[in-house]
Every structure is written in structure tokens, then in C-alpha cells.
Amino acid sequence: MPALILVGGSTIIPLLTIVNFSVHDVFYGNDFIWVGSKWFVEVLNSKVFYDTLLRTFAFSAIVLAIEVPLGILIALSLPRKGKLVPFYIITIAIPLMIPWVVVGLMWRLIIHPQWGSFGSLLSLFGLQIDLNNLVTAWSVIVFVDVWHWTSLVVLLCYSGLLAIPNMYYQAARIDAANRWGVFRYVELPKIKRVLMIAILLRFIDSFMVFVEPFVITRGGPGKSTVFLSQSLMRTASQQFDLGQSAATSLIYFSIIVLFSWVLYKVMSER
Amino acid sequence: MSFEVGSEFELDMAKGKSVSSDSRKSVMYYFRNPKKYIPCIYVVFLMLPIYFLVICSFKTEFEIKNSITPIPMLGTLANYKAIFSDPQSYMAFVNSLLYVFMNNVLSLGVAIPAAYVFSRYSFLGDKHLFFWFLASRLTPPAVVAIPLFQFYSTLGIVDTHIAVALAHCLFTVPIAVWILEGFISAVPRELDEIAQIDGYSFPHFFIKILIPVITPGIGVTAFFCFIFSWVEILLANWLTTIDAVPFGSIILRAGMALGLNPLGWLSAMAVLAIIPGVLIIYFVRNHLAKGFALGQIN
């Protein structure tokens, strides 16, 4: 039980601090002046906040739309037995173990027009990866995220597929189900739970994406790749607007909780 | 635990073979022909950028900037030598490993009893474990960083390894409890009772019986705690200044000004940052497979 208290405290104390910050005007982290809901009103009325929010949602949607189907497809096509299985699991898990800052750096090197392998290959065809172009910058960030995180979906779905007893396949066989039927009525219901976890995790993480855009595009061109977490960090660490950033993060927090809850309910009832 | 695959089973039935026969060659792939290349293509897609990084780390600066070759023509270890002769660079890795290790010990030490409680007793809020775990993932590090910094300066532990390790507990402990709860729930309650009847005291039971049973779970948990602590940079960067600087800060700082810093050196740093992750996957690979299977039971 003491362990439980310690554990509970580790999440609740920072949250309470944030709540405390959000209703005060904070100077140097010491002087608190009660301002009530001022910060919330200010944040909810600012266009910048909505722009960033919309951008973040768009990013999450794109990333999920690519990673989930791709992840399921790869998980389905992985062998379930044999000597290659450990090899596949290890190689697929590697991107997940790479520090995020290294991922960003690595891709920045690769797409460099002169020194990077991919960038210089494109230069041969007269193309160039121009991070000042809005579409290119977005594609690069989405691509890097797909490279980095599809593995999570793959591994979770794969573990779900492994748990399906053989008799389900036999039953499907007796019913003369085709490949799609097997997937729709046998595999999908069985991996629903892990798939839900994968989608939730991916949603949250893509919603909080920070390091990769920060390293690769630094929010540019203009502000087109500034996501919520980055603008939050900027308000907190460069402008020292603790109150405002705390209010933003509480709004941000409630959006994710709400979304996760809806997603959770919808998926567990089906 | 063995997993029979549907089509393989059918194939064997059609051929009139016994189901349990060893048919390794025909079983490699569940799908028909074109799809068996998908995993290979995916692995190549994953490995190419890493391969590029690794070869860059063995090239001289001149070679990186002037020619793109699949293998280094003038192989050199100078980049690695530069890192290992500069205490600031190599100590950064030692620092990171230290706080990750401390974090692992702390998280497991706290999470195993907590997971046991969650698994065996019912109380208010015990059904919301998953959401608690999610909530901790949702807390933006950017905002937690500031109160934490103040809190730690009051305690006087800013710029120490333990500060970073404690900060990382924010997200490693919930995930550890969540994973371990699944594993402990998979252990039948009768085991506790039998141990009690056999005269084991509770701590004795915990150490001698429960922990060996859930070793795969502990492996998987340590793996996840490692991942989350090792890859995290924002908090680690924020809470350290000189003595406990993690490798991430150095890479971040150098990476911001690409071109001002030697690329070979930067690649070598990045490769060194990848190695511990790869090693730990290799060590827990069997536990991981078991963990995947066991995690499914509940």
C-alpha cells in the first residue's frame, strides 16, 4: 500500500501543480496572483491555439490512417513460426528503441540534398527535398513518424494474432470463409483489444508529437508544422508564461482524455 | 505454448499427414506467395536509414560530404576514437545509462507490489488502471518540467542522475504496473493460498515464489521502462546542466546546427545511442515472445 500512495502521488502532484498554475499569474515560479479563469478565456479565444489544434488533429488523423492498416497488413503477413520469427521481432522492434532525437537527426541527414543518401539520389533527378515547401515538410514528418511507429502497431497486432486458437481457423474453413471473411469475422474480433490499445497509444503519441518536427523542420515553414506540444513548450520555456501554458495543457489534456474515452467506449461496445 | 497456424493445419490434413508433424519449410508463411515478401520489404525499409547512419559513422568527413557510397571506401574509426577520448561525450552515455538503470530499479521496486495489490484486491478505482496509465502518458512533459525543476531544486538534487530517474518514473511506473498487473492476474490465486498453507511468510512467498513465476513479465516490463526512459529527452535535458548531462542533449545541441559539427562524429554518437536499445531487445527477445503470449490470457 505505501507503494500505491507513492505511485499515485507521482502522477497527481504534477497535475495539481498544473491546475494551480492555470488559475494564477506566476512570476519566476514564486509569486502567485489569483486570476481565475483568465488564462482559459484567453487561450480559448486565440486563433493561434485553434490553428495549432487543427494542425495536430490533422497530423494524428493522417498518421493513424497510414499506420493502422499498414501495421495490420504487416502483422498478418508475418510468419508465426519458424527460425525467422525472432529475427523479424528484433528488427521490427529496433525503431521503437531509438531515441527520438536520433530519429530526427538521422532523417535530417538522409534527406540532406548534398550529404544525404536519399536527398542526393533525388538531386540526380533534379528534385530536391525542400523543407520550406509546406507539402514536402508535412510529408517528411509523416513519413518519419510512419517509419518510427508502425512497428508498435505491428507488434501489438501480431501478439493478438498469435493468441487465436487454431480451431477458429478450422471453423472458418468449414464455413468456407474466404480470406477477407477470416479476417473480418475471426481475426479482427480477436485482435480488437490489442488493436484498440495500439490505436489509443498512437493517437496520444501523435497528438503529443514533439521531438521529430522540432529537429527536422523546427516548426517551419512559417508555423505550418508547429504542433500543440511545441507551442506549449515555447510558451512555457521561452516566454515563461506558466499560467497560460498550464491552462493550454489542461485543455489539451482534457481533449485527449475525452477522445480516448470516446474511442475506448466505441471500440469496447462493438 | 505452441501456436498452430490455420492454413498449415489444413495443408497437413489435405496431405494426410499428422498435424503435429514438423513441416517447417511449408510453414514459413501464412499467406500466399506475393504477401510473403511484405515482412522482408518492411524490414529493409526499417533498416536502410540505420544502415546509412552506421556507414556514415565509419566515413571521414571528406568522404561524407563529397561522395555517396554504399560502403565506406576509406574506412576509419576516427569518429569513435574522438568520442571515447572526450570525457564529455562518453560520460554522457554513462550518465544516461545510470539514470535509466536507476529508473528501472525504482519502477520495478514500486510497481511489483502495486501490481500485486491491483491484481488481488478490489478497491475504489481499481478498474481504472488503464486510464490512469493513459493519463500519465498524456501529461505533457513540457509543463511537468517546470514544477519538477522547482521541486528538485528545493531538494537540491537538480543535475543528478536520481532526479532524472525520478522524473521518468512519472511515465514508467504506470506502464509497469499496467503490464505487471496482467501477468500477476494470470497467476492463479490458489498459488498464494497454497504458499500460505505451506507456511511461507508473505515476503518469503513474494520473493521465492511469485517473482520467479512472473519473470517473463518482469523482463517485458523492464524492456518497456528502458524504452521510455532511454528515448526520453525533454525532461532529461531540462533537469540536467553539467554533471548528469544525457547523450540526447549533446546530440540535440549538435544536431541543431547541422554542418557546423562534424557529421561523422554526430553519426557515431547516434549509432552509440542506438546500440543499448538493440542489445536489450536481443536479451529479452524470448521473454518478449512469452510476454506477448501471456499478456493475452486476461
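How many residues of domain 1 of chain B are in contact with domain 2 of chain B? In this predicted model, local features require a pLDDT of at least 70 and side-chain atom pairs count only at pLDDT 80 or more, whereas totals for chains, interfaces and linings use all residues. Residues are numbered from 1 along each chain as its sequence is written, and chains are lettered from A and ligands numbered from 1 in the order in which they are written.

Chain B is assigned a domain 1 (6–66) and a domain 2 (84–295), the bounds coming from an automatic or database domain assignment. In domain 1 of chain B, 9 residues are in contact with 8 residues of domain 2 of chain B, contact being defined by C-beta atoms, placed from the backbone, that lie within 7 Å. On the side of domain 1 of chain B that touches domain 2 of chain B, helix H2 (38–57) and helix H3 (61–66) each supply at least two residues, and H2(B) provides the largest share, 5 residues. Helices (H or I, at least four residues) and strands (E, at least two) are DSSP runs numbered from the N terminus.

B:Tyr80 lies in helix H4 (residues 78–85) of chain B and is partly exposed, because 17 other C-beta atoms lie within 10 Å; a residue is buried at 20 or more such atoms, exposed at 12 or fewer, and partly exposed in between, with C-beta atoms placed from the backbone. Although B:Tyr80 and B:Leu272 are 192 residues apart in sequence, their C-alpha atoms are 9.0 Å apart in space.

Chain A contains 12 helices and 2 strands, and 40% of its 270 residues count as buried.

Notes
Contact = placed C-beta atoms within 7 Å.
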